[in-house]
Amino acid sequence: MVDPTTLDRWVYRLVFLGIAVMTVFVMILPLETRPGRLPAPDWMLCLTLAWLQRRPDYLPPWLIAGVFLMLDMLLMQPPGLMTALVLVGSEFLRARQHVSVETAFGSEWLVTAATIFAIFLTEGVVLALFSVPEADFGRLMFLALATALAYPLVAAVSRYALGVRRVTPGDLDPRGIGR
């Protein structure tokens with residue numbers, strides 16, 4: 001007999017993977033061919049951080065690394081850079097999980113926005129350090145702002161449409177793993 005909690009985790013991991021595949025599919029479609037368009041928020045980063053703030057046991061580090069490495073490869077970004085930065089940011093938020101369980105959404109949003117800005121700022125610094133011609137710092141900061149502003153929408157959809165509810169204090173052990 002399969003434990004319902006374990007089955008629930010695997011179902012949500014598959015849902016996350018399915019959303020990632022659909023997101024990549026939409027992102028690589030040639031819908032807009034004119035240059036100069038403003039960048040859209042990083043929806044997968046928003047979704048990852050929103051789920052991580054609510055249910056860190058649904059997103060183990062290997063799943064986050066696999067999804068973001070797939071994104072790096074398919075979107076022709078420097079392989080592994082965004083993956084490593086998202087892993088560091090997500091593990092920072094996972095370590096704060098015992099604190100964020102009892103916080104209001106406003107403070108959760110501020111901490112998540114600071115994490116988003118740190119991820120994009122570090123990406124810009126690393127790209128500039130290695131003189132990558134596509135390193136546009138202004139574009140990265142706009143992308144960070146758009147992603148931080150999209151976070152409440154993604155958190156609401158995650159909660160009310162996908163059913164990713166916030167954990168209660170007794171649901172997880174200190175490592176963020178379900179009991």
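1. How many helices and strands does the secondary structure of the protein chain come to? The chain has 7 helices and 0 strands, where helices (H or I, at least four residues) and strands (E, at least two) are DSSP runs numbered from the N terminus. The order from the N terminus on is α-α-α-α-α-α-α.

2. This is a predicted model, in which local features need pLDDT of at least 70 and side-chain atom pairs count only at pLDDT 80 or more, while totals for chains, interfaces and linings use all residues. Residues are numbered from 1 along each chain as its sequence is written, and side-chain values use heavy atoms, with hydrogens and water left out.

3. Of the 179 residues in the protein chain, 40% are buried (under 20% relative accessible area, with a 1.4 Å probe and protein chains only). Among contacts (heavy atoms within 4.5 Å) with a separation of 6 or more, 76% join residues 24 or more positions apart.

4. Leaving aside residues up to four places away in sequence, Met44 touches Phe16, Ile19, Ala20, Thr23, Val67, Phe68 and Leu71.

5. The largest pocket holds about 1,200 Å³ of space. A pocket is an open set of points on a 1 Å grid over the protein atoms alone, where a 1.4 Å probe fits, with protein on both sides within 12 Å along at least five of seven lines; lining residues have an atom within 4 Å of a point. Its lining has 34 residues, and Met27, Arg37, Pro39, Gln77 and Arg139 lie nearest the centre. Helix α1 gives the most to this lining, with 4 residues.

6. The second largest pocket holds about 220 Å³ of space. Its lining includes Ile19, Met22, Trp43, Met44 and Leu153. The elements giving two or more residues to this lining are α1, α2 (43-54) and α7, and α7 has the largest share, with 4 residues.

7. Helix α4 (residues 81-95) has 15 residues and reaches 21 Å from its first C-alpha to its last, close to the 21 Å expected at 1.5 Å a residue (1.5 Å times one less than the number of residues). Its buried residues include Leu81, Leu85, Gly89 and Leu93.

Terms used. Points joined across faces, edges and corners; volume = space filled by probe spheres on them. Buried < 20%, exposed > 50% of the residue type's maximum accessible area, 1.4 Å probe, protein only.
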